[in-house]
Amino acid sequence: MGKLKEASFFPKKELAQQVISACHQFNIGTVVISPGSRNAPLTIGFSNHPDIETLSIVDERCAAFFALGIAQQTQKPVAVLCTSGSALLNYYPAIAEAFYSNIPLVIISADRPKYLIDIGDGQTIRQENVFENHILFSANLIENEKFKTRNAQLIGEALQISVSQQGPVHINVPFDEPLYETVGELAHFNFPHISLSSLDNSHINYKSLAEIWNKANKKMLLIGVNYPDAELHKLMDLYSEDESVILLTETTSNLHHEKAINAIDQLIFSLDDDEFKELQPDILITFGGMIVSKRIKKFLRTYQPKHHWNIDEKKAMNTFFCLTEFIQTKPVDFFSNFNNIISKKESDYQPKWLAIRNRRRVKHAEYLSQIKHSDLKVYEQIIESIPEHCQVQSSNSAVIRYVQMFSVKDSISIFCNRGTSGIDGSTSTAIGAAFASKKQTVFITGDLSFFYDSNALWNKNIPANFRIILVNNSGGGIFKIIPGPGTTNAANYFETPHCLTAEHLCKMHEFEYQQASSTITVEKELKGFFETSEKPKILEIFTPSLENDTVLKDYFKYIK
């Protein structure tokens, strides 16, 4: 439903009108605006447009990740708008994430005209092509009637590329003063539809690939980050029925099957050389985004398959340094064709490794039943408590690794910023996703990620059913787990210990606050935590920093 206005105000500047009109014509339905003066013509126009939703976020880094969370859920482009100068640079972390995670993000920056750049004028930097290493297209506009046609072509091309290639684009819009003059109507502009090359699947030799596949005794499918896809999910059923195939699914793949190995590290940790050779596949098929498990990466780089086929629409991912076939297409399209011409093969490959998986699951449950309060125990309690049909957003570092150790309910979808795998912006992304999703969103985070992005809570668009579970172990717990930092005398610079809590942030931003610090209190606080409330909630769980790494290391010894 469009906005209801008693009177409309649109910028007098034709270039601003052109950008606004293009966004409307190319179905940009949401614009996240950060305050400033140089972007005033666009702010006025977008906020008065009846068919464009505008949201205000002060912090540009938070604004960009918030927009990214919306686009992640809607699978549609979302625009962010800022003023000139350093404001624009704060978008970069989210732009890099969008670039590597294939999320359509439209960056619109106001700029000073060229004659004011590099002369000592305020809030001026070299904005043109500033994101060139992580952007699909840069449209550098010129405020001059002579360039009207050129500007229209550049704007149209940028927006079409963002949609067709699912990634970030940058539109840089210079304005001279005056900035605040308005008119009562928005002019109409025509934008050429650019002829973009479509994906050509004719080059894929399915017959040749099938011949190789059908002869192999050991085949492995490894699935990274994927948006939930029922059709793709169904296509994977065939491989679970083939004894010569094992299916490795990361939590972020959003693919579930009773014969899938969904806790990869649980399976492969502490395998010896002979066992690794038995697990080594003849053929490896990979698709989806970044792989979380460092152990599976190390295994496949050391014990390389003879054939590695990577399926992706955009770029080849030679993660294991042995890529033999880049299949440039959608995974759904590939398997829809491939499944029709391959045959099952008798083998002990799948039965053997599923039997090991099942034994590890038993040992997993035994260990968890006897350990004391710790990060590992807390994650078990969290995962078990999340209601059906929720959306989970996970921060990076230790959090996503802990989440990967547990089986998640089939109806739950899990998302994480694995494009760059950074901790910056994870809270803002989760809030954007919660704003856009019809499902209740639960954000699981660690203390460093949470406090690093605490400005994310400075947002009036947070749904009341949004939930944050903050596991506070008083520092970067990941640096106690990975080898290296503990052997130096600079551990405090890696772990950055602190005594912060979220309680005062909750008061300031009007969140309900709960806390727990034992197995019993965690269980108590999780009861009712997800129920309807008038405000969003944070449950802060304090864990013993000095014991968490020992509990985890003992876990891997025990399940072996």
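Axes here are lines fitted to C-alpha atoms, for helices over the stretch in contact, and angles run from 0 to 180 degrees between N-to-C directions. I work on a predicted model, in which local features need pLDDT of at least 70 and side-chain atom pairs count only at pLDDT 80 or more, while totals for chains, interfaces and linings use all residues. Residues are numbered from 1 along each chain as its sequence is written, and side-chain values use heavy atoms, with hydrogens and water left out.

**Entry 1. Helix 3 and helix 16**

I looked up how helix 3 and helix 16 pack; their axes come within 7 Å and cross at roughly 45°. That makes helix 3 oblique to helix 16 (angles under 35 degrees count as roughly parallel, over 145 as roughly antiparallel, 65 to 115 as roughly perpendicular and the rest as oblique). For element numbers I use DSSP runs counted from the N terminus, with helices being H or I of at least four residues and strands E of at least two.

I then listed the contacts, meaning heavy atoms within 4.5 Å. On the helix 3 side I find Cys-62, Phe-65, Phe-66, Leu-68, Gly-69, Ile-70, Gln-72, Gln-73 and Thr-74, and these meet Ser-428, Thr-429, Ile-431, Gly-432, Ala-433, Phe-435 and Ala-436 in helix 16. By class, the residues of this contact are nine nonpolar, seven polar and no charged. The classes take Ala, Val, Leu, Ile, Met, Phe, Trp, Tyr, Cys and Pro as nonpolar, Asp, Glu, Lys and Arg as charged, and the others, Gly among them, as polar.

**Entry 2. Nonpolar cores**

A nonpolar core is a set of buried Ala, Val, Leu, Ile, Met, Phe, Trp, Tyr and Cys residues joined through side-chain atoms within 4.5 Å. Buried means under 20% relative accessible area, exposed over 50%, and partly exposed in between (1.4 Å probe, protein chains only).

The largest core has 43 residues, and Val-32, Tyr-91, Phe-450, Phe-466 and Ile-468 have the most contacts inside it. Elements giving two or more residues to this core include helix 3 (60-74), strand 4 (78-82), helix 16 (426-436) and strand 18 (467-472). Helix 3 supplies the largest share of this core, nine residues. I checked Val-32 separately: not counting residues up to four places away in sequence, Val-32 touches Leu-55, Ile-57, Ala-63, Phe-66, Ala-67, Val-78, Ala-79, Val-80 and Leu-81. Apart from this core lies another, of 36 residues, among them Tyr-379, Ile-382, Leu-526 and Phe-530.

**Entry 3. Two further helix pairs**

I took helix 1 (residues 14-25) with helix 5 (residues 148-165); the axes come within 10 Å and cross at roughly 30°. That makes helix 1 roughly parallel to helix 5, and helix 1 passes helix 5 in a right-handed crossing. Glu-14, Leu-15, Gln-18, Val-19, Ala-22 and Cys-23 of helix 1 meet Lys-148, Asn-151, Ala-152, Ile-155 and Leu-159 of helix 5. I count the classes in this contact as seven nonpolar, two polar and two charged residues.

Next came helix 6 (residues 206-215) and helix 12 (residues 331-338), which pack at an angle of about 70° with their axes 11 Å apart. That makes helix 6 roughly perpendicular to helix 12. Tyr-206, Leu-209, Ala-210 and Trp-213 of helix 6 meet Asp-333, Phe-334, Asn-337 and Phe-338 of helix 12. This contact has six nonpolar, one polar and one charged residues.

**Entry 4. Single residues**

Gly-29 is in the loop between helix 1 and strand 2 (30-33), and is partly exposed at 33% relative accessibility. Leaving aside neighbours within four places in sequence, Gly-29 is in contact with Asp-51, Ile-52 and Glu-53. The C-alpha atoms of Gly-29 and Ala-79 are separated by 8.4 Å, with the two residues 50 apart along the chain.

Asp-265 lies in helix 9 (residues 264-268) and counts as buried at 19% relative accessibility. Beyond four places in sequence, Asp-265 is in contact with Ser-293, Arg-295 and Phe-556.

**Entry 5. Backbone checks**

I noted a cis peptide bond between Glu-177 and Pro-178, with omega about 5°. Pro-178 lies in the loop between strand 7 (169-174) and strand 8 (182-183).

Gln-75 is not a glycine but has a positive phi of about 60°. I place Gln-75 in the loop between helix 3 and strand 4, and Gln-75 is partly exposed with a relative accessible area of 39%. His-389, also not a glycine, has a positive phi of about 65°. His-389 sits in the loop between helix 14 (375-385) and strand 15 (391-394), and is exposed at 53%.

How values were computed: Left-handed = near helix turned anticlockwise from the far one by under 90°.
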